[in-house]
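The following is a walk through a predicted model, written for a reader who wants the cut-offs stated along with the results. Please look over the sequence and coordinates before reading on.

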There are 2 protein chains.
Amino acid sequence: MAVSLDDKFESLESILAQHLPADVLQKVNLSLRGSGSIEVELPANAKETAKQLNFDLQGYQIKVALTEQTRPSRLVRIGAIQNMIQKPTTATVKEQRDAIHQRIDQMLAVAHECQVNVVGLQEAWTMPFAFCTREKYPWVEFAESAYDGPSTKFLAERAKKYNMVIISPILERDEAHGDVLWNTAVIISNHGNVIGITRKNHIPRVGDFNESTYYMEGNTGHKVFETDFGRIAVNICYGRHHPQNWLMYGVNGAEIVFNPSATVGALSEPLWSIEARNAAIANSYFTVGINRVGTETFPNEFTSGDGKPAHTSFGHFYGSSYVASPDGSRTPGLSRIRDGLLVTECDLNLCRQMKDKWGFRMTQRLDLYAESFARAIQPSYQMDIVKDSSSTK
Amino acid sequence: MAVSLDDKFESLESILAQHLPADVLQKVNLSLRGSGSIEVELPANAKETAKQLNFDLQGYQIKVALTEQTRPSRLVRIGAIQNMIQKPTTATVKEQRDAIHQRIDQMLAVAHECQVNVVGLQEAWTMPFAFCTREKYPWVEFAESAYDGPSTKFLAERAKKYNMVIISPILERDEAHGDVLWNTAVIISNHGNVIGITRKNHIPRVGDFNESTYYMEGNTGHKVFETDFGRIAVNICYGRHHPQNWLMYGVNGAEIVFNPSATVGALSEPLWSIEARNAAIANSYFTVGINRVGTETFPNEFTSGDGKPAHTSFGHFYGSSYVASPDGSRTPGLSRIRDGLLVTECDLNLCRQMKDKWGFRMTQRLDLYAESFARAIQPSYQMDIVKDSSSTK
């Protein structure tokens with residue numbers, strides 16, 4: 001086939017905008033994304049900086065929620081940052097991390113200019129996604145303490161300065177428990193302190209995502225963090241494939257769930273626009289899908305368990321970060337090929353309003369599923385299969 | 001806004017095909033639907049009949065699964081039928097039902113010509129979707145016995161004649177349990193017998209879906225029906241909003257899950273393309289979303305709890321039936337405005353192959369969720385919320 005998702009085109013949205021007449025484009029966008037998000041004007045200075053620094057900057061407002069009599073509206077500006085690595089993977093660990101810090105520093109300043117209140121970074125944002133190599137060193141040296149590692153210190157300073165909550169997904173070194181590694185998100189308050197941590201609950205064994213070589217399934221459950229800008233949870237990467245994982249963050253009261261990710265085109269791109277949006281619908285909260293961008297090349301070749309020759313690149317991380325709303329609509333995606341900052345203003349009151357409208361929580365029948373799951377995990381479980389008595393097969 | 005989802009356009013797919021150059025269309029389709037489905041040629045006679053009878057007939061093949069050494073491939077042709085009511089709602093119950101039977105009879109004959117093995121009909125296919133009225137009579141007179149009602153008898157005859165499994169979602173009258181009503185799917189074997197029934201697990205209380213006035217949440221759990229053409233389950237309508245419902249059909253071994261529905265534009269269209277596809281991905285099975293089509297007008301006016309004046313129509317049922325594959329891809333949708341038959345050939349071996357590839361079942365951690373749900377349903381449950389110790393709010 002001539003066309004492939006490995007192609008380096010900017011985005012689905014840009015293709016449609018380029019080829020469709022305005023009225024047709026409007027109808028197509030309505031079909032694809034719902035009526036929920038409208039573009040908002042961002043500060044001229046922020047746009048100029050983004051242009052100079054060559055990153056995609058887009059701003060949207062989610063449909064205004066109803067005005068309630070007994071609750072004031074709770075407008076929050078969510079930021080989503082996607083970025084490439086900034087140095088070759090052959091540079092030292094410190095050089096690589098410092099260069100990414102510098103890039104994020106620039107982008108956080110623009111986020112502040114755009115009045116972002118809560119910003120999420122991509123999965124393992126301080127490092128290349130080196131798990132494809134199955135090499136331990138030097139890659140595990142990117143791991144750091146969640147509470148006082150260099151990246152937490154770096155972000156805590158900016159969080160306080162900008163009065164901004166920052167979601168920082170890192171490779172965590174857990175010295176208190178035998179030096180093990182975890183895939184962890186650190187939730188840094190707008191006051192500059194660490195509110196807490198939450199770990200990746202589901203670890204992939206697919207393609208070159210050899211993460212189970214490095215760390216185990218998370219042991220922090222489904223914590224939700226109450227911040228000055230809403231109740232926030234973090235479902236890291238592969239956890240987005242598991243609806244029951246999304247569901248438990250909702251049960252614990254989440255209003256915004258970040259999904260920091262690192263995923264590549266040929267494998268997952270047809271799934272990307274579906275999963276976080278489905279979660280926003282099913283759980284009546286906002287979701288923020290953030291994917292790494294760019295192609296990372298490693299010093300030593302590795303194979304991919306697919307019969308193909310050894311190679312040194314994981315494939316193209318396709319960015320396309322977006323926000324989905326509890327009303328089922330979504331923003332356009334950021335670039336598939338460039339760094340980007342997506343700014344989305346929303347009223348958190350929409351979450352409870354959608355619960356009231358659709359009634360998904362009320363009709364959830366969690367008792368049925370608690371009981372069904374408890375039976376299903378028994379080694380002696382018999383699937384509830386009804387056979388056709390007339391079949392001769 | 002000039003454009004609305006209440007507009008009677010044919011489909012998103014037809015708009016894109018009309019306006020985009022071939023190479024661009026290919027890329028857009030790949031982004032939107034994945035690479036999984038290719039169009040297949042259906043018999044000329046079937047196409048001619050569909051044209052004469054004015055219904056949309058489309059045929060696709062889902063990407064061929066790997067050839068395995070120890071299992072033969074299991075090719076199955078799935079049919080999805082969407083249809084309007086055929087008589088005004090002022091006609092007698094018998095006239096209305098007979099007219100729909102006649103229409104379905106024609107469409108089943110075409111399905112047979114297209115070598116369909118398993119066909120699904122839409123929710124409450126024998127009647128107008130009259131629950132918006134909250135009137136009991138005459139609408140409840142459409143209810144019938146699942147085992148020997150007129151519609152089951154009608155379909156059982158065709159099932160045997162065509163060697164075709166038929167999924168028949170009806171309004172059920174349960175005489176053995178106090179004459180209560182249920183929203184039920186009857187699974188009719190290709191040998192002409194009823195394999196069993198499965199009931200709608202989640203009942204809506206949204207918009208004009210006043211179904212909770214007529215029947216309760218289903219009591220048949222998550223049965224899967226083993227047929228000559230694969231293991232089949234039925235998640236009726238509003239159950240598609242509940243990922244935990246989809247999940248349990250997967251736990252019980254389903255390979256094809258039908259989602260017979262009746263849903264209208266302004267309310268749910270942005271959700272429609274997301275939910276059944278997400279379920280196919282998360283559970284490594286095929287899903288078949290079937291939605292009613294057309295606008296139904298009722299004799300007496302009713303209000304909709306939205307402050308607007310009384311009216312006599314529910315809104316436009318937008319059809320758009322489609323099949324989603326466990327690899328994340330999907331077929332195009334049927335027409336938004338016409339009756340239709342979608343024929344999709346797939347290899348059921350793809351289900352287990354996708355489980356092996358993605359590992360979603362292996363990494364599901366059902367034990368964690370059994371325990372989490374069991375705690376969450378306790379009246380004394382405390383949500384797992386971590387507060388920001390520095391917050392002064």
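The text below takes up the interface, then the salt bridges, then the backbone.

This is a predicted model, in which local features need pLDDT of at least 70 and side-chain atom pairs count only at pLDDT 80 or more, while totals for chains, interfaces and linings use all residues. Residues are numbered from 1 along each chain as its sequence is written, chains are lettered from A and ligands numbered from 1 in the order in which they are written, and side-chain values use heavy atoms, with hydrogens and water left out.

Chain B brings 93 residues to the contact and chain A brings 94 residues, where contact means heavy atoms within 4.5 Å. The area buried between the two chains is about 8800 Å², and carbon and sulfur atoms give 67% of that area. Buried area here is the accessible area (1.4 Å probe) that two parts lose on being put together, summed over both. On the chain B side, B:W358, B:Y369 and B:F373 lose the most area to chain A, together 8% of what that side buries.

Polar pairing across the interface comes to 46 residue pairs in polar contact, both residues at pLDDT 80 or more. A polar contact is a pair of N or O atoms within 3.5 Å; within protein, one must be able to donate a hydrogen and the other to accept it, and residues adjacent in sequence count only if both atoms are side-chain atoms. Several elements of chain B each supply at least two residues of the side that touches chain A, including α1 (12-19), α2 (22-33), α8 (349-358) and β16 (385-387). Helices (H or I, at least four residues) and strands (E, at least two) are DSSP runs, numbered from the N terminus. The most comes from α7(B), with eleven residues. By class, this side of chain B has 44 nonpolar, 30 polar and 19 charged residues. In that count, Ala, Val, Leu, Ile, Met, Phe, Trp, Tyr, Cys and Pro are nonpolar, Asp, Glu, Lys and Arg are charged, and the others, Gly among them, are polar.

The two chains also meet through strands. Strand β8 (residues 224-227) of chain A pairs with β16(B) in the parallel sense over three bridges; two strands pair if DSSP finds at least two bridges between them. Within this pairing, A:V224 stands opposite B:I385. Helix α9 (residues 366-376) of chain A has a set of buried residues, among them A:L366, A:Y369 and A:F373. Buried means under 20% relative accessible area, exposed over 50%, and partly exposed in between (1.4 Å probe, protein chains only). The buried residues of α9(A) pack against α6 (243-251) of chain A together with α6 and α9 of chain B.

Side chains of opposite charge can pair when their charged atoms come close. A salt bridge is counted for a side-chain nitrogen of Lys or Arg within 4 Å of a carboxyl oxygen of Asp or Glu. The whole structure has 46 salt bridges over all chains, and the count between chain B and chain A is two. One salt bridge joins B:D384 to A:K223, with the closest N and O atoms 3.4 Å apart.

Within chain A, which residue does A:E10 join in a salt bridge? The partner of A:E10 is A:R338, the closest N and O atoms being 3.6 Å apart. This pair links the segment before α1 (12-19) to the loop between β14 (322-324) and β15 (340-347), 328 residues apart. A:E10 is partly exposed at 26% relative accessible area, and A:R338 is partly exposed at 26%. Another salt bridge joins A:E123 and A:K200 (2.7 Å, N to O). Here A:E123 is buried at 0%, and A:K200 is buried at 2%. Shared partners join A:E68, A:R71 and A:R352 into one network of salt bridges.

Most residues other than glycine have a negative phi, and most peptide bonds are trans. The bond from A:Y137 to A:P138 is cis, with omega near 5°, and A:P138 is in the loop between β4 and α5 of chain A. In chain B, the bond from B:Y137 to B:P138 is cis, with omega near 5°. A:S284 has a positive phi of about 55° although it is not a glycine, and A:S284 is buried at 2% relative accessible area. B:N54 also has a positive phi of about 55° without being a glycine, but B:N54 is partly exposed at 43%.
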